[in-house]
Amino acid sequence: RTCFQRDRDRIVHSKAFRRLKHKTQVFLSPEGDHYRVRLTHTLEVSQIARTAARALRLNEDLTEAIALAHDLGHTPFGHLGEQALTPFLGGPFRHNEQSLRIVDHLENDGRGLNLTWEVRDGIVNHTWSMPEPSTLEAQVVRFADRIAYVNHDVDDAIRAGVLTEEDLPTDVVEVLGRSHAERVNTLVTDLVDNSDDRPGIGLGDQAFGALDALRDFMFERVYLRDDARAEQEKAIGIVTALFDHYVEHPNDVPEEYHRAPGDLPTRVADYIAGMTDRYALRTYEQLFLPHSELP
């Protein structure tokens, strides 16, 4: 195996990767088996990224390793968990930085996964708020992540009844297509066409503008919609209460987290960020609800 194949295999066999199957993507505790979670999102990103990497004659194993690890650091309850942890840490909690911390310090009983520099660079710089990653493969993953989540979140919002296909902006539909498959195909094809034999990875102006417009539409109509605020505040309250408890009772944090570098709030954040949604809920119930109220 090449070094990047070893990285991929270590990631797939990690505990953090397995926990992605019970971590929220957008809809909290969705009533239905067909909504995306972090694991299915990760697999969709990997599939899109590998397709583009093959067409561009890049290293598919490096691309896949970055894609599979890029969201390992996501908290329970999606980005709401990040929002809840940030006030306690003296700086923003960023899931990409937490993903790197997991593969460097938290997995394998504190020894980390010993991943290559290229994969680690791609993990920490996959978000658009960070500097452009150093490899073309990581740049492909950065675009694949956005292409995947914007489009599958539309799909899930329609399934949930939050949107209908007719709600999608007309100018976006005209450029990208009406169905999920059409939009992804348009964007991946455009990404390959605009990146082939060029020094960097990128979409054409029209496709990139349409993707950005669709993302803005999703923030307005889905991610920040008013009728989800009560549920979102509940999720933030759960994470906040758990953090307060573990800072006051550090012995309740498993020993493996105390072996990681950093102060107590950082190690408590490590533990909470690693929780699945259902484990965080169950722990909250056990700590704060009278036993008579538990199911």
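**Notes on salt bridges, ring pairs and a charged patch**

1. Start with the salt bridges: there are 21 of them, a salt bridge being a side-chain nitrogen of Lys or Arg within 4 Å of a carboxyl oxygen of Asp or Glu. Keep in mind that this is a predicted model, where local features need pLDDT of at least 70, side-chain atom pairs count only at pLDDT 80 or more, and totals for chains, interfaces and linings use all residues. Residues are numbered from 1 along each chain as its sequence is written, and side-chain values use heavy atoms, with hydrogens and water left out.

2. Helices here are DSSP runs (H or I, at least four residues), numbered from the N terminus. Arg36 is buried at 12% relative accessible area, whereas Asp155 is partly exposed at 23%. For those words, buried means under 20% relative accessible area, exposed over 50%, and partly exposed in between (1.4 Å probe, protein chains only).

3. Next, go to Asp212 and Arg146, whose side chains form a salt bridge of 3.3 Å, N to O. Asp212 is in helix α11 and Arg146 in helix α8, so the pair connects parts that are 66 residues apart in sequence. Which of these two is buried? Arg146 is, at 9% relative accessibility; Asp212 comes out as partly exposed at 26%.

4. Asp167 lies in the loop between α8 and α9 (170–176), so here the parts tied together are 54 residues apart in sequence. Both ends are partly exposed: Asp167 has a relative accessible area of 29%, and Arg221 has 31%.

5. Salt bridges also join up into a network, made of Arg1, Arg8, Asp9, Arg50, Arg54, Glu60, Asp61 and Glu64. As background, side chains of opposite charge can pair when their charged atoms come close.

6. Now the rings: the count is eight aromatic pairs. Rings of Phe, Tyr and Trp (its six-membered ring) pair if their centres lie within 6.5 Å; planes under 30 degrees apart count as stacked, over 60 as edge-to-face and the rest as tilted. Phe219 and Tyr223 make an edge-to-face pair, 4.9 Å centre to centre with 80° between the planes. They are four residues apart in helix α11 (residues 205–223), about one helical turn. Phe219 is partly exposed at 30% relative accessible area, but Tyr223 is buried at 16%.

7. Over in helix α15, Tyr284 and Phe288 are also four residues apart, about one turn of the helix. Tyr284 is partly exposed at 24% relative accessibility, and Phe288 is partly exposed too, at 36%. Elsewhere, ring pairs link Trp128, Phe143 and Phe208 into a cluster.

8. Helix α15 (residues 277–288) also holds Arg282, which is partly exposed with a relative accessible area of 41%.

Methods
Helix = DSSP H or I, 4+ residues; strand = E, 2+ residues; numbered from the N terminus.
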